[in-house]
Amino acid sequence: MHKVLRQFFQFGLPHVGICRHMARDVIFASEKHQGMGIIHPMVTQGLLKLVMLYDQSNTMTSKLIIISMSSTSVECGLGGNFLLQSYARFYKILEGRCITTRWDFLDDHQIRLLRQS
């Protein structure tokens, strides 16, 4: 476990009045499912990275992301939005790049993004 997460569980949870030994499933489950509704820090980090990924309007970074997305789509032999496809089906043929790690995160958390053309 990461040092930051260890600190979060050891000090952060007790600071807000939650027992640090409580089952993680209860802490991070939604209130709809009788959990506490706290979003896991790793999910928050992944979502912030996605926001950063899509919030780079008209910069060199945004152009590189678009090129990476296009080449990933071609590499997988997929037309259209490859982010809607299962990462597990294609990860073996992909090179490691920024967009593939985001695709993995999206697939793991069942988040579907529609990219603008």
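Keep in mind that the model is predicted.

I'll start with the helices. H4 covers residues 60-76 and H6 covers residues 98-108; their axes are 9 Å apart and the packing angle is about 70°. The two helices are therefore roughly perpendicular to each other. On the H4 side, the contact is made by Ser68, Met69, Thr72 and Cys76, and on the H6 side by Ile99, Thr100 and Trp103. By class, that contact has four nonpolar residues, three polar and no charged.

Now the aromatics. There are six aromatic pairs in the structure, and I'll show two.

One is phenylalanine 9 with phenylalanine 28. The ring centres are 6.0 Å apart and the planes meet at 65°, so this pair is edge-to-face. Phenylalanine 9 is in helix H1, residues 3-15, and phenylalanine 28 is in helix H2, residues 24-28, so the pair links parts of the chain 19 residues apart. Phenylalanine 9 has 7% relative accessibility and therefore counts as buried.

What sits over the ring of phenylalanine 9? The charged end of arginine 24, at 3.9 Å from the ring centre.

The other pair brings us back to H6. Phenylalanine 82 and tryptophan 103 have ring centres 4.9 Å apart and planes at 75°, so they too are edge-to-face. Phenylalanine 82 is in the loop between H4 and helix H5, 87-90, while tryptophan 103 is in H6, so the pair ties together parts 21 residues apart in sequence. Both residues, phenylalanine 82 and tryptophan 103, are buried. They also belong to one aromatic cluster, together with Tyr87, Phe90 and Tyr91.

Methods: Residues numbered from 1 in each chain as written. Predicted model: local features only at pLDDT ≥ 70, side-chain atom pairs only at ≥ 80, totals over all residues. Heavy atoms only, no water. Axes fitted to C-alpha atoms, helices over the stretch in contact; angles between N-to-C directions. Helix = DSSP H or I, 4+ residues; strand = E, 2+ residues; numbered from the N terminus. Parallel < 35°, antiparallel > 145°, perpendicular 65-115°, else oblique. Contact = heavy atoms within 4.5 Å. Nonpolar A, V, L, I, M, F, W, Y, C, P; charged D, E, K, R; others polar. Phe/Tyr/Trp six-rings, centres within 6.5 Å; stacked < 30°, edge-to-face > 60°. Buried < 20%, exposed > 50% of the residue type's maximum accessible area, 1.4 Å probe, protein only. Lys NZ or Arg CZ within 6 Å of the ring centre and 35° of its normal.
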